[in-house]
Amino acid sequence: AARTQGHNDLTEVNMSCRYIPHRGAVDLGRAHLVLDGDDARPTSPAEAEYQDALARRLFAGSPATTRVLRLSHRRPSDETPEPSLQQCLRANKRKRPDVRRRHIPSSPTLILDGPGLRDNFYLNVVDWAATNIVAVGLEGVCYLYHPRAGLVQPVAQAAGGDEGGYVTSVGFRRDGVRLAVGSSGGKVELVDAQETTAHISSLGGGGEGRASSLSWGGPHELAAGFAGGAVAIFDVRRRGGAACTLPAHRGEVCGLRFAPDGVAQLASGSNDHTVRVCDVRSPRAARLELTAHSAAVKALDFCPWRRHCLATGGGTTDGSIRIWDTGAAAERELQSVATGSQVSGVRWSVARRELVTSHGFSSMNSTSNSVRLWRPNLLPVAQLTGHRGRVLHLAVSPDGGTALSAGSDETLRFWKISSIGGAGGGGGPPPPWGGAP
């Protein structure tokens, strides 16, 4: 039978006759604006003017001339395509405020020569007073350096021992008025830091060997750690020996720190790889013994704004920084991080509530001989390099804005670690170390 003209057999239907738009060539934003144009009528002359300007911007003319659906790719054009509606909306969103990143200078603000600075990890010959004075022990003499004026004064000579005696530790009282100086002969000298010619007294040795570490508690309470492992607490108003002696370590006491006011605790770090925390009101037995480190612990410091929070750092074979809760009944570690290098110093900075550490020997060259900044959760902030030898000593200015590092390269370097503080690293030429008190 002949086919009826104008009708197709069902088996011959061309399935390609479906008109499916090419989504890659469709601008749905423009389509939405065109389709809703009649419903979104302007309510004021200003709104009508705005819609006309928007249409001219998006469609370069009347929206009625704009093709909404396309069945194929757009032809290439040399002209820059007009932005879509979504792009315009995203561009008009309020931008986030421009927050400037914190800038920490990578170079020291001041470098001083320190001839006679001994390359010995176990000594503590640098301290920074609350009165903004720096004490440095160079061979047999202790000097005071005034950062603001750039002046240097010799104040004490190593006492006791043979003719080759040398300064092994220095420590300011919390008010910065008194200075204690330990020597290789095991003696401790007291000096008036304001009247540098005024020698106050000499304290008898409280243990065997050199006085490697010092720390002040109250106005009249001074603790000293010795090479033989003893820790002695002196009442500086009394003449003679120590007022009491704490249980001895099995190695040299190279780190010593009293807790801030209101917490009667004294932490001591030793070459026996332990840290002991004693209650100074009943010092006959250690309250806590922290044993997580696997090397000598010289670096330790109590947090000044959080009670019972102690930071410690281990030597070459350990290389870790650990934060402890010393108020717990047993050993309780809060945070820890492996630095990959010897930790020779730990100090809290009050300027931004951060931790500052100094580093020596390292299995990784990228972390050796440096000063590093950490957040309290031990996330790294910055690393400052420049010493040509291991960093042995660390101090922080009273305002927390400047760190001072002393290294085996016989240099002292002042680092600006916060713009909040501004006490350290004063001007003036390098000081002329020399002379005698």
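Modeller: The account below takes the charged pairs, then the cysteines, then the rings.

The model is predicted, so local features need pLDDT of at least 70 and side-chain atom pairs count only at pLDDT 80 or more, while totals for chains, interfaces and linings use all residues. Residues are numbered from 1 along each chain as its sequence is written, and side-chain values use heavy atoms, with hydrogens and water left out.

Side chains of opposite charge can pair when their charged atoms come close. The structure contains 14 salt bridges, a salt bridge being a side-chain nitrogen of Lys or Arg within 4 Å of a carboxyl oxygen of Asp or Glu. One of them joins aspartate 192 to arginine 178, with the closest N and O atoms 3.5 Å apart. Aspartate 192 belongs to strand β8 (residues 188-192) and arginine 178 to strand β7 (residues 178-183), so this pair ties together parts that are 14 residues apart in sequence. Strands here are DSSP runs (E, at least two residues), numbered from the N terminus. Aspartate 192 has 14% relative accessibility and counts as buried, whereas arginine 178, at 25%, counts as partly exposed. These words follow relative accessible area: buried is under 20%, exposed is over 50%, and partly exposed is in between (1.4 Å probe, protein chains only).

Another salt bridge links arginine 332 and aspartate 325, where the closest N and O atoms are 2.8 Å apart. Here arginine 332 is partly exposed, with a relative accessible area of 45%, and aspartate 325 is buried at 17%. Arginine 413 likewise forms a salt bridge, with aspartate 409, at 3.7 Å between the closest N and O atoms. Both arginine 413 and aspartate 409 are buried.

Turning to the cysteines, a disulfide is a covalent bond between the sulfur atoms of two cysteines. With a disulfide taken as a pair of cysteine sulfur atoms within 2.5 Å, the count comes to 0. Cysteine 278 is in no disulfide, as its nearest cysteine sulfur, that of cysteine 244, is 9.5 Å away. Cysteine 278 is buried, at 2% relative accessibility. For cysteine 303 the closest cysteine sulfur is in cysteine 309, and the separation of 4.8 Å is too far for a bond. Cysteine 303 also counts as buried, at 2% relative accessibility.

Among the rings, the whole structure holds 4 aromatic pairs. Rings of Phe, Tyr and Trp (its six-membered ring) pair if their centres lie within 6.5 Å; planes under 30 degrees apart count as stacked, over 60 as edge-to-face and the rest as tilted. Phenylalanine 121 and tyrosine 122 form an edge-to-face pair, 5.4 Å centre to centre with 85 degrees between the planes. Phenylalanine 121 is buried at 5% relative accessibility, and tyrosine 122 is partly exposed at 24%. Tryptophan 305 and tryptophan 348 have ring centres 5.4 Å apart and planes at 80 degrees, so this pair is edge-to-face. The pair links distant parts of the chain, 43 residues apart: tryptophan 305 is in the loop between β18 (299-302) and β19 (309-313), and tryptophan 348 is in strand β22 (residues 341-349). Tryptophan 305 is partly exposed at 26% relative accessibility, while tryptophan 348 is buried at 7%. Ring pairs also link Trp128, Tyr145 and Phe414 into a cluster.

Charges meet rings as well. The charged end of lysine 298 sits over the ring of phenylalanine 121, 5.3 Å from its centre, which requires NZ of Lys or CZ of Arg within 6 Å of the ring centre and within 35 degrees of the ring normal. The charged end of arginine 118 sits over the ring of tyrosine 166, 3.7 Å from its centre.

Methods: Helix = DSSP H or I, 4+ residues; strand = E, 2+ residues; numbered from the N terminus.
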